[in-house]
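Hi,

Here is the structure I promised to pass on to you. Please have a look at it first, and then read on for my notes on what turned up.

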Amino acid sequence: MYQIKKLLFLLIIFLLSACYEVDMVIELNPDGSGVFKRSMNFNRATEDQKVKIKEFIKMSDGNGFSSELLKIEDNFPTPYFRIIKNEIDEENLTTYTEIEFQYINRLFAVDKKASGLKGVNFEVDKSHIIFTINRNNELINQKQTSKSSSIKSNPFESLTAKVTNTFISKSNNEKVETYYEFIGDDNNAVVNWQGQLEIPDHSISKTKIKQAFAKYPVLKPSSSHIKTATWVVSNDKSRNALELELLLPKPAIKDKTYLGYDEKYLLSGKYNDGTEISITKGRFASFDKFNSFSDTFVNEGSNFKVPINLSFPDNPVDFFDSLMVRIRVLSVKNSKRFELGKPVDGKTYQADSFKFTIESSEKTINITSDGPSHLFKQFLIQTPNGNMPIKPQSTYNKTYKFKNIPFFQNSIFLAEYYIDAKYEWLDSKVPRLDFSASNTKETKESFSLQKLFPEITKFPIVDDSIYKDLDSFKNYWAKVPENKVIPALLVVSNDLPKFQKEHKINSWYQRKLGKTIKEKEEFFNNNKQMISDSMFKLYLNKPNRRDNIAIIYFLNNLGLTDLFKEKALTAIKQGKLKSGYGVLFLPNMSQEEKDILKDAFYKTSHDWVENQSIFKILTKGDNPDLNLAKEVINSDNYHEYVRNNAFEVVLNYDKNISTEFIKPYLINIDTRQSTIKAIINKLFKNKPKGEITNEDLLDFIRPLKSLFEDIIQISSDYEAKDIRSILNAIDSVKAEPVK
C-alpha cells in the first residue's frame with residue numbers, strides 16, 4: 001500500500017531570520033548515492049523568545065508547525081529519493097529530516113532554496129569531489145517592503161543564526177566542514193568557501209538534470225482544448241510569458257478517483273522557425289482540485305481547466321507547433337473511516353497522518369483536521385437512520401464549524417480520508433497555437449470596426465443623442481438611406497453598452513428594428529445575406545460576446561437565423577460561440593447539431609452559464625437526453641445550477657426513477673442540495689411540466705420521510721425551510737391519500 005507522506009520543512013523559520021541553528025550533512029558513496037540529513041533548532045533562543053517565535057509562526061501561517069509550508073515529497077520525489085525520517089517537535093522548536101538519494105546530481109537538481117542547499121554546488125575530478133558554497137551580497141541592503149497587514153512585524157530580524165555544512169565520504173569517513181553566521185535575512189551572508197573531499201575509485205560524473213521527473217505511471221496521452229492563449233509582453237524581454245489555459249479530459253479509470261493536479265510543464269514543442277522548445281515549468285504550481293471528495297464516477301467526456309504560465313525570453317511568435325504539456329495528477333483508490341466518538345472539548349485524535357482536534361460548546365462544534373488536506377474526504381455523523389455526511393456551516397484554516405445540530409452531543413462523529421494514493425503523469429497534446437496582435441495583452445482590447453470590416457470604406461458618424469429616448473432612436477432609423485443601413489447597423493450594434501440600460505430602446509432594437517428594415521422589401525431581399533454575415537461576424541469578434549446577445553435576438557427576429565447556422569456550428573466547434581444557443585437551436589434539431597452541442601457541453605463545464613444554456617437545449621422537447629442528465633447528476637464536474645436542472649429533468653421525464661434512485665442523492669453531501677431543490681421546484685413551482693406527476697413524486701419520496709427528518713437536523717436554516725415544506729407535503733398526502 002502506497003501512502004502519500006505529507007512531510008514538512010519549516011521553511012518559514014528561514015523567513016523569520018530569528019535565532020536558530022541549521023545543520024546539513026551529505027554522506028556520499030563512491031557511486032554517487034548517499035544520505036542527506038538536515039536538522040534545525042532554536043536552542044540558542046531564550047524561553048521568552050521561543051514563546052514569541054511560536055506566536056509569530058502561528059500568526060503567520062494559521063496552524064503553526066503543523067501547516068503545509070512545503071511538501072518534502074515534491075522536492076524529493078520517489079523513486080530517486082526515499083524519505084527515511086521527518087521528526088518535528090513543536091514544543092521545543094526542532095526538526096530533523098533524513099533523505100536517501102540515488103545520485104548526487106539529482107540532489108542538486110531539486111529546488112535548492114526550499115531544500116536548504118542554497119549556494120551549495122560541486123565539481124568532480126579523478127579522486128576528489130570539490131564542494132563550494134558561494135553566497136553573494138546583492139541583497140544586503142534590500143528590505144521586505146510588503147508584509148501582510150494581518151501579520152505583525154518580525155521581532156527577531158536582528159538576531160543571529162548559524163548554518164553548518166558537513167560533507168562525508170562513506171568509503172573512508174573523511175569529511176570537510178564549514179559554517180557561517182548571519183544576522184537577519186540570510187541573504188546578507190557573504191560566503192566564499194571550497195573544500196575537497198577524497199573519494200577513491202568513485203564513479204561520479206557531473207551532469208546537468210533539467211527536471212527530476214519521478215518515474216510515476218504515465219497515463220494514456222490525451223488531446224487538450226485551448227480555452228485561451230495570450231502573450232504577455234514586457235519591456236524586459238526576459239519577462240515575456242505565454243498565458244495558456246487548457247481544457248484537459250479528466251482521466252477515467254475504473255475504481256480510481258482523481259483529486260487534482262499540481263506540477264505543470266511544457267514538455268516539448270517547436271517555435272514557428274522549427275527551434276525546439278526546452279522543458280519549461282509552469283509558474284504558480286499548487287495543488288488544485290478538479291474533483292470534489294465524492295465517490296462518483298469521473299466521466300470521460302468531462303474536462304478540467306489547467307492554467308499554465310510559461311516564461312519565454314523570445315518575442316511573441318506567429319505560432320507554436322506540436323506542444324506537449326505534462327501535469328502531475330493525484331489518484332486515490334481507498335478511503336478509511338475513523339471514529340472520533342462523541343465530541344469531547346479539547347480532545348485530540350490521531351489517525352494515520354491526520355490529527356483531529358475538537359472544540360465544542362452547547363450549540364457549536366469545531367473540528368480541526370491537521371494533515372494532508374487534499375486527502376481529507378468528509379465528516380459523517382451517526383443519525384437514527386445510519387451514517388450521514390455532514391456539511392460545515394463554515395471552514396477556515398482547516399477548521400470545520402458545525403452549528404445548531406440538535407443531537408450531536410449524543411451522536412458519534414466520523415472522519416473519512418484517503419489512504420491509498422499515488423501520483424501519476426498526465427501528458428496532453430496541445431493543438432497548434434496561432435497568434436496575432438489580437439491575442440497579446442498589449443493590443444487585445446484594440447477592437448475596431450474599420451479593422452474588422454475593411455471592405456466598408458466609410459462608417460457613418462452616429463450622434464449619441466439618438467440614444468436619448470425611444471422616439472429619437474426610431475427617427476434615426478427612419479431617415480437612414482438604404483446604402484448606409486448595414487454600416488449604421490454595425491456602428492449602433494457596436495455601441496450596445498450605450499443603450500442597453502434603456503429598456504425600451506434595447507427591446508425595440510431586438511424585436512422591432514428588423515421589422516423596420518424588412519419594410520424596405522427590395523433592399524432587404526437583396527442584402528439579407530450580407531446583413532446576416534456582417535452582424536454575426538461582429539457578434540463573434542466583439543469582446544464580451546455574452547453581453548452582446550441582443551445581436552442574436554435581432555437576427556432571429558429578422559428571420560435570418562438559418563443563414564448563419566453553419567457559421568454558428570463552426571464557431572461552436574472552435575469554442576467561439578459563448579451565448580445565444582437557445583435562440584439558434586430548437587429541440588427538434590438534427591442529430592449533427594445535437595452531437596456538436598454535446599461536445600461543446602463537455603468542453604464548457606468550467607463556465608456554468610454557457611454550460612447550462614447548452615444543457616437546457618439538449619434536454620428540452622419530446623425526447624430529452626436523459627442519459628446526459630444522469631451523467632451530470634453523477635459527476636461533480638458541473639456547477640450546482642446545472643445539476644439542479646439535471647435533477648429536474650430526471651424527476652420530470654424519467655419513468656424509471658424510484659425511491660431507491662432518489663435516496664443515494666439525498667445521502668450524498670455533494671448532490672443533496674440539488675436533489676432537494678429539484679423536488680421543491682417540482683412540487684411547488686411545477687417546473688418544468690413533464691411525464692412524472694407530483695403525486696408520483698410524493699409516492700417515491702414518502703418512504704424517505706425519516707431520512708428527511710435526519711437531514712433537517714444537520715442543515716442550515718435556509719435548507720431546513722425547504723425540507724419542512726417537503727415533509728408537510730408528505731404529511732398532507734398521508735392525511736388525504738392520492739387516488
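**Two helices side by side**

In this predicted model, helix α20 (residues 659-667) and helix α23 (residues 705-713) have axes that come within 11 Å and cross at roughly 10°. Angles under 35 degrees count as roughly parallel, and that makes α20 roughly parallel to α23. On the α20 side, the contact is made by Lys 663, Leu 666 and Ile 667, which meet Leu 707, Phe 708 and Ile 711 in α23. Sorted by class, the residues of this contact are 5 nonpolar, no polar and 1 charged.

**A helix with a buried face**

Next, please turn to helix α14 (residues 565-573), where Lys 565, Ala 568, Leu 569, Ala 571 and Ile 572 are buried. Viewed down the axis of α14, these buried residues fall within an arc of 160°, so they line one face of the helix. As a reminder, an α-helix has 3.6 residues a turn, so residues three or four places apart point the same way. What do the buried residues of α14 pack against? Their partners are α12 (521-541), α15 (581-584) and α16 (591-603). Glu 566 and Lys 573, on the other side of α14, are exposed. Just after α14 comes Gly 575, with a positive phi of about 75°.

If you want a place to start looking, Phe 379 stands opposite Ile 390 in β23.

The other open sheet has 5 strands, ordered β19-β20-β21-β25-β24, and its pairing is antiparallel. Here β19 (348-351) and β24 (394-396) stand at the edges with a single partner strand each, so one side of each lacks a neighbour in the sheet. From one strand to the next, the twist averages 20°.

Best wishes

Technical notes. Residues numbered from 1 in each chain as written. Predicted model: local features only at pLDDT ≥ 70, side-chain atom pairs only at ≥ 80, totals over all residues. Heavy atoms only, no water. Pairing = 2+ DSSP bridges. Helix = DSSP H or I, 4+ residues; strand = E, 2+ residues; numbered from the N terminus. Axes fitted to C-alpha atoms, helices over the stretch in contact; angles between N-to-C directions. Parallel < 35°, antiparallel > 145°, perpendicular 65-115°, else oblique. Contact = heavy atoms within 4.5 Å. Nonpolar A, V, L, I, M, F, W, Y, C, P; charged D, E, K, R; others polar. Buried < 20%, exposed > 50% of the residue type's maximum accessible area, 1.4 Å probe, protein only. Arc of directions from axis to C-beta.
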